[in-house]
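Visitor: I would like to learn how to read a structure, feature by feature. Please give me the idea, then the case.

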Amino acid sequence: MSGKGRGKGRREESSSESEEIVVRGEEEVSLAEYITGVTHGLDDEVQALFERRTDVKEIALGKLIEGAQKAYCYDLIKGNTQDILKALKSCISSPCSNLEQTRACHLLQLAALTCSEEWSVYYAELSTLLKKSIGNSTAQEQKVASIITLGLITFLWAEGEETVEVVQFLSDALVAAEEREEDEDLSDAATLKAWSLLITTLSAEYVVDDLIPSFLNNIVGFLGRSDPDLKLAAAETLALLIENVKSIEGDSYEPYYFNGYFDVSEILLDLKDLANANPRVVSKKLKNKFKPVEDVVTTFESGSSPVSNLVFKGQKFTFNSWYESQRLDYLRAILSIGFQHHFLHNNLLRNIFDVIIKEDAPSFSGSEKRASKIENSRISKFRHNQIKKGRRNKQHVQDEF
């Protein structure tokens, strides 16, 4: 999969088409009906964003996030753009609670993915607001949410020097984090993930000539930190940088290209130790978390990239680069339970990953089939009980005679 499109948010006129996605018994529910069901009542939640009570705003933000994750709510977001934008700016700049600001950032991420083209005109204003939030936040949750949001809207909307400026902003934060002796700031991993996402939009020449000489040692330094998220982000970012080197060096690439920056043998050994962590020392969950590091080692040694597959609607989508993996992981974390739905129905994601959904593909996803089976099972059980009850009644009548 080439993945060359940066996904500027062109919305094709296909969202109004009816597409079967859920079956309950013999009843078919169209895509439009599904979205209507998910978004029912959410216009009221938009208005609740202007309530004085913090808990009311937090609940409203939570419901809007859930709806925007579950369904491609284009009409809802576009129709309430000015109200949502005004409320989110207020929640981010002057939050009454950490949860309010964190949820406001998450809803902004979803709005950007849903109405990317329409909201792109607010990039300069929103990026400035988010930078201030990052600088002023004392709560780590707020800072992480602002960093992830800044990375996303820059990835979607920024051009040329705008992207480079944000990369430099994040680079400065990474340098400060690497120089800091303690590693208790959870925002460091978020900063590195946002930095890596933006790297996927820059030319390999710029990455190799400008970023690697300036920041490679900082990235490698994070491998020695205790935060598992930061260690993993550092390993995967290293793989992304190696991939850029390989794209220029071609078949002549070898790991000792990096000897001028660090001890290649030592770093390879550290990565292998991380990938093969002793289960007696680390938990099974943590060992699984570091499983992608095995692919990082392979990339480091040979320059080859990992291949992963997703199967939706009977179609297999192949991702064969760290470039695509970084984008995939970033967007999947934002969309959560709704990633599959947006991947299939949101044209922005199709453009980002340069995929085409076949029109004649099976209409139902795995989760939708399971929902259908559960409902069909309930109906079958009801019918079975009705028949059984009828037989008992019939037998009772016969016994009386």
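Guide: First, the ground rules. This is a predicted model, where local features need pLDDT of at least 70 and side-chain atom pairs count only at pLDDT 80 or more, while totals for chains, interfaces and linings use all residues. Residues are numbered from 1 along each chain as its sequence is written, and side-chain values use heavy atoms, with hydrogens and water left out.

Visitor: How many helices and strands are in the protein chain?

Guide: Helices (H or I, at least four residues) and strands (E, at least two) are DSSP runs, numbered from the N terminus. The protein chain has 20 helices and four strands.

Visitor: What share of the residues is buried?

Guide: Buried means under 20% relative accessible area, exposed over 50%, and partly exposed in between (1.4 Å probe, protein chains only). Of the 401 residues in the protein chain, 49% are buried.

Visitor: Which residues have the most contacts inside the largest nonpolar core?

Guide: In soluble globular proteins, nonpolar side chains tend to be buried together. A nonpolar core is a set of buried Ala, Val, Leu, Ile, Met, Phe, Trp, Tyr and Cys residues joined through side-chain atoms within 4.5 Å. The largest one here has 118 residues, and W119, W195, L271, F300 and F343 have the most contacts inside it. Helix α13 (residues 228-249) gives the most to this core, with 11 residues.

Visitor: What is F343 in contact with?

Guide: Contact means heavy atoms within 4.5 Å. Leaving aside neighbours within four places in sequence, the partners of F343 include F312, F317, F319 and L349. R350, F353, V355 and I357 are also among them.

Visitor: Which way do the side chains point along strand β4?

Guide: They alternate along β4 (residues 315-319). Q315, F317 and F319 point to one face and are buried.

Visitor: How many bridges join β3 to β4?

Guide: Two strands pair if DSSP finds at least two bridges between them. Five bridges join β3 (residues 308-312) to β4, and the two run antiparallel. V311 stands opposite K316 in β4. The two strands form a hairpin with two residues between them. In the turn, K313 has a positive phi of about 55 degrees.

Visitor: Where is S336, with its positive phi?

Guide: S336 lies in the loop between α17 (322-335) and α18 (339-345). Its phi is about 50 degrees, although S336 is not a glycine. S336 counts as partly exposed because its relative accessible area is 38%.

Visitor: Where is D354 found?

Guide: D354 is in the loop between α19 (347-353) and α20 (366-400). Phi of D354 is near 55 degrees, a positive value in a residue other than glycine. At a relative accessible area of 43%, D354 is partly exposed.

Visitor: Is N218 buried or exposed?

Guide: N218, in helix α12 (residues 204-221), is buried, with a relative accessible area of 12%. A polar contact is a pair of N or O atoms within 3.5 Å; within protein, one must be able to donate a hydrogen and the other to accept it, and residues adjacent in sequence count only if both atoms are side-chain atoms. The side chain of N218 makes one with the side chain of E178 (3.4 Å).
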